[in-house]
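The report below describes a single protein chain and is meant to be read beside its sequence and its model.

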Amino acid sequence: MNPSAPDRRGSRARRRWPSLSGMMSALASDHLDGKIEAEVAPAPEVDDQSDRWSSLLPELLGEIVRRVEAGCDRWPQRRDVVSCAGVCKRWRQVTKSVVRNPIECGKFTFPSSLKQPGSKDTMTQCFIKRDKKESMYYLYLGLTHSLMDFGKFLMVAKRYRRGANKEYIISLDAEDMSQGGYSYLGKLRSDFFGINFKIYDSQSPEDGLQSLSTRSGSHFSYRRFGSKRISPNPSVGNFEVGQISYKFNLLKSRGPRRIHSTLQTSPQTSGEESTNQLKPEASKLNPNSVVGPKLVLKNKAPRWHEHLQCWCLNFHGRVTVASVKNFQLVSATDQEETVLLQFGKVGDDIFTMDYKEPLSAFQAFAICLTSFGTKLACE
C-alpha cells in the first residue's frame, strides 16, 4: 500500500467536518471548575433536554463557551467548540460571538473558515495528498510541524474531463462530489492546453449578479458561506471569482513555470461574516454592493544555483523534492516580495501548501490544483 495515498477506508469523520450535535453535560464538566459549578442553581425539571440547556443564564453560558474555546486550541479538540454551536440557536449565537475568524486567531472552527482569509501574522501550514488512481486531491490542515502528520481534513477535489476541458470539483465530503450537494464549495476549470484556469465559487453573490449554473430551467436556493448560519445550505451556483494563467514557453527556454493570478477580494469583516466574498464586476452590476480591490499575484522568480545546476527557492524546509510544480506566489505590487502562497513536493504524492492573508484556504487550494498535470506549452 502506498503510505502517501489517502486512507479511503478510514472513518467518515476524518473526511468530513464534525456533526453539530452532541450531549453538552460531559462537555461542560470537562471545562468548568468547582467555582463555576457552585454558582449554578438547581435546574427545574424539564422534559426537553434542549430547553434545559437553552435556559442557562447568559453570563454562565458565555463563560462555558469561552472556556471551551480557550481550552481547544487544535483539532480534534476543537470539535467541542463546534458541538457548542450545535446545541440550540441560543448556544449557536453565543459561540459565534466568541469564536474569532482565522485572520485574527489562525484557527479553523466552522466550514465558513475555509473561505475566510488566513492568518495575517504566520503562514497556515497545510498539505495535499494526491490519489492518482481516483484523480482525487485531499487538503489537510497540518497539526504539527512534521511533514508527515495525519492532519485535519479540510476539503477534497476530484478531476473530471468535460469534453476538451478539465474540471476540479471541490467539496467538503469525499463521498459527495455533486455540484448540487450539501458539501459543494466550488470548482476549477481549465482550457484545452491546461494553462488557463478559472475559479468558480458556490457562494451567493450580491443582488444583481448572475451565476453560471450547471443546470438550466430550474430554480435554485443559493447560500452564503459567511452568513448567519454555522453550516451552509445546498447550492448549485457557480460564480467566477478568479483566473490563473501560465505563460507560454514557445522557445523552450530553461526555467520554471511562470504564473499569473487575479482574484477579486472584498473588505474584511469580523466574526462569522465572510471575509472572502469574491464578486467579479459587482460594482458595475450592483452599485450598492461592496467589493474590494483585485489581488494580482505572480510567482517569485527563483535563482540559478551554479553548484547544484538547478533553479532554487527558499521554502524554509517545507519542500524537500525538486519539481517543476514547486512555486511561491507574491503580490505583483509588493516590492519586498512577501510570500503569500507556497506549494511544493515532499513525497511521491504529498505536497505542502502554506498560505496567509489575504488568501483563503479555498483560494489557495484552487491555485495549487492548477499546478498538477503536464503543461507542454510551458515547459
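Two strands are taken to pair if DSSP finds at least two bridges between them, and helices (H or I, at least four residues) and strands (E, at least two) are DSSP runs, numbered from the N terminus. On that basis, 12 strands with antiparallel pairing form a closed barrel in the order β1-β2-β3-β4-β5-β6-β7-β8-β9-β12-β13-β14. Neighbouring strands of this sheet are turned against each other by 20° on average, direction ignored, where axes are lines fitted to C-alpha atoms, for helices over the stretch in contact, and angles run from 0 to 180 degrees between N-to-C directions.

The model is predicted, so local features need pLDDT of at least 70 and side-chain atom pairs count only at pLDDT 80 or more, while totals for chains, interfaces and linings use all residues. Residues are numbered from 1 along each chain as its sequence is written, and side-chain values use heavy atoms, with hydrogens and water left out.

The pLDDT, which is the predictor's confidence in each residue, from 0 to 100, averages 74 over the protein chain, and 66% of the residues score at least 70.

| Stretch with pLDDT under 50 | Contacts beyond four places in sequence |
|---|---|
| residues 1-47 | 77 contacts |
| residues 205-235 | 81 contacts |

Turning to the helices, the axes of α4 (residues 58-71) and α6 (residues 89-98) come within 10 Å and cross at roughly 55°. That angle makes α4 oblique to α6, because angles under 35 degrees count as roughly parallel, over 145 as roughly antiparallel, 65 to 115 as roughly perpendicular and the rest as oblique. On the α4 side the contact is made by Pro58, Leu61, Gly62, Ile64, Val65, Arg66 and Glu69, and on the α6 side by Arg90, Trp91, Val94, Thr95 and Val98.

Some backbone details in loops deserve a separate look. Most residues other than glycine have a negative phi, and most peptide bonds are trans. Trp75 and Pro76 are joined by a cis peptide bond with omega of about 10°, and Pro76 lies in the loop between α4 and α5 (79-85). A cis peptide bond with omega of about 15° also joins Glu357 and Pro358, the latter placed in the loop between β14 and α9 (361-369). Ser135, although not a glycine, has a positive phi of about 55°.

Notes
Contact = heavy atoms within 4.5 Å.
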